[in-house]
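Subject: Handover of a structure and notes on its contents

Dear colleague,

I am passing the structure below to you, together with an account of what was found in it. Please look through it before reading the notes that follow.

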Amino acid sequence: MKAHIVTLPGDGVGPEVTAAAVAVLQAVAEHYDHQFTFEEHLIGGCAIDASGEPLPAASLEACKKADAVLLGAVGGPKWSDPNAKVRPEQGLLALRAALGVYANLRPLQVHPALANLSPLKNEKLKDVDVLFVRELTGGAYFGAKTRTADAATDECRYTEAEIERVVRRAFALARERRHHLTSVDKANVLETSRLWRNVVQRIAPEYRDVKVEHQLVDSMAMLLLTQPGRYDVVVTENLFGDILTDEAAALAGSLGLLPSASLGDGKRGLYEPIHGSAPDIAGQGVANPTGAMLSAAMLLRHSLGLEEEAQCVEAAVSHVLAHGPRTRDVGGQGNTAAVRDAVLMAVEDHASTHHAFFA
Ligand code: NAD
Ligand code: IPM
Ligand code: MN
């Protein structure tokens, strides 16, 4: 098949991990006979430096025409002055809003070979397989902001329609998995959470085969550490989802491991690892490209409908996590390029074994 993919490497380790993910997509194209074209654009701090804007019009236009968008990370100390007029992160938020990608899927699995890197005891990590569905285009991220000399506000606003579409997506995903949905809110304090809970309760009868539970976010943060194995699909609002998924990444062993897919109503999606620009290791070539590569697998699955190819990438990444090389954050000494090359070889092996098998 033909697909046009826009890449937005961004800042810090963004370009390092995105290059590895693009190499994986190119290998998939070669071994499975697809034609993928890539078009790179600026976003974030590098875009501010080049044009004054965190999301230049040319970048957004290209994304709107693409079949899928692959993003690295934005931000860094250079642009982090709390009094700055414009910030890299605004570019990412504007992109998510403009593409209408309201459902951010963040899967968490613990690779058995990495279980000893997790701060949790191994026995707690058995059976951990959680799909977080984070609302991505509403809440405090997008509400009105005010600032005076000595006060500031961030309005947290949700409409019923915004809640309903992401909750329905989560129910549908639960149906494809273990039929268990946990909705996380702060309904004991926040009005937006009470609206959220009402919506979940109203539509739950349409999904009688899915068991629903509500959990307050503070205790959820605890339960994620004490009983991670009991969750299937977890749906929550934007800010809670941001925080809980970085916590979840610690269970897997490193923030560098987790991918994400941001989806709207159409096929086009935005794919990015959940980590940031990692300024402390940027430029050294040692960033873990796993989250970015697994995001590329999600791109193959969700935007291009290439399930077999997605599984090939996932199997290749899993093989390399088990057998090395590994980057420092997951206890190895390999650099980004070494991991990339090992994954490319594993993709080739997997694809050729498959073709031989089915030929
Ligand atoms: P971060 O995710 O960049 O880094 C947190 C820690 O995790 C660091 O020690 C870093 O070295 C490590 N880490 C992250 N990714 C890694 C990888 N691939 N391999 C190995 N180690 C990795 O979070 P932060 O330091 O809080 O934020 C830094 C900047 O990134 C901020 O400007 C923030 O706004 C931005 N950010 C961007 C995105 C995004 O673009 N999607 C996401 C999160 C943070
Ligand atoms: C993420 C990041 C972003 C978020 C920032 C950089 C705007 O932390 O993708 O998780 O908070 O959504
Ligand atoms: Mn985050």
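Which residues are around ligand 2? They are Gly75, Glu89, Leu92, Leu93, Asp242, Ile274 and Gly276, where a residue is near a molecule if its C-beta atom, placed from the backbone, lies within 6 Å of it.

Two remarks on conventions are needed here. This is a predicted model, in which local features need pLDDT of at least 70 and side-chain atom pairs count only at pLDDT 80 or more, while totals for chains, interfaces and linings use all residues. Residues are numbered from 1 along each chain as its sequence is written, chains are lettered from A, and ligands are numbered from 1 in the order in which they are written.

The ligands

By class, the shell around ligand 2 holds 3 nonpolar, 2 polar and 2 charged residues; Ala, Val, Leu, Ile, Met, Phe, Trp, Tyr, Cys and Pro count as nonpolar, Asp, Glu, Lys and Arg as charged, and the others, Gly among them, as polar. Helix H4 (residues 88–99) gives the most to this shell, with 3 residues. Helices (H or I, at least four residues) and strands (E, at least two) are DSSP runs, numbered from the N terminus.

Around ligand 1 there are 23 residues, of which Gly75, Gly256, His275, Gly276 and Asn288 come nearest. That shell consists of 10 nonpolar, 9 polar and 4 charged residues.

Annotations from UniProt

An unreviewed UniProt entry carries the annotation "domain: Isopropylmalate dehydrogenase-like" for residues 4–343. UniProt positions are given in the numbering used here, feature names are shortened, and annotations may be inferred rather than shown by experiment. Over residues 4–343 the chain is 42% helix and 18% strand, and the end C-alpha atoms lie 23 Å apart.

UniProt, again in an unreviewed entry, places the feature "binding site" at Arg96, Arg106, Arg134 and Asp218. These positions span 123 residues in sequence, and the farthest two C-alpha atoms are 26.6 Å apart, so they do not all gather at one spot. Arg96 is found in helix H4.

Helix packing

Helix H6 (residues 160–175) and helix H7 (residues 191–203) pack at an angle of about 50°, with their axes 9 Å apart. Axes are lines fitted to C-alpha atoms, for helices over the stretch in contact, and angles run from 0 to 180 degrees between N-to-C directions. H6 and H7 are therefore oblique to each other; angles under 35 degrees count as roughly parallel, over 145 as roughly antiparallel, 65 to 115 as roughly perpendicular and the rest as oblique. In this pair, Glu160, Ile163, Glu164, Val167 and Arg168 of H6 meet Leu195, Trp196, Val199, Val200 and Ile203 of H7, with contact taken as C-beta atoms, placed from the backbone, within 7 Å. The residues of this contact comprise 7 nonpolar, no polar and 3 charged.

Helix H1 (residues 14–32) and helix H11 (residues 307–323) pack at an angle of about 125°, their axes being 11 Å apart. This makes H1 oblique to H11. Val24, Val28 and Tyr32 in H1 meet Glu309, Cys312 and Val313 in H11, and the residues of the contact divide into 5 nonpolar, no polar and 1 charged.

For helix H8 (residues 217–226) and helix H9 (residues 238–252), the packing angle is about 15° and the axes are 10 Å apart. That makes H8 roughly parallel to H9. Here Val217, Met220, Ala221 and Leu224 in H8 meet Phe240, Leu244, Glu247 and Ala248 in H9; by class, the contact has 7 nonpolar, no polar and 1 charged residue.

Backbone features

Most residues other than glycine have a negative phi, and most peptide bonds are trans. The peptide bond from Gly324 to Pro325, however, is cis, with omega near -5°, and Pro325 lies in the loop between H11 and helix H12 (336–358). His179, a residue other than glycine, has a positive phi, near 60°. The place of His179 is in the loop between H6 and strand E8 (180–185).

Yours sincerely

Conventions
Contact = placed C-beta atoms within 7 Å.
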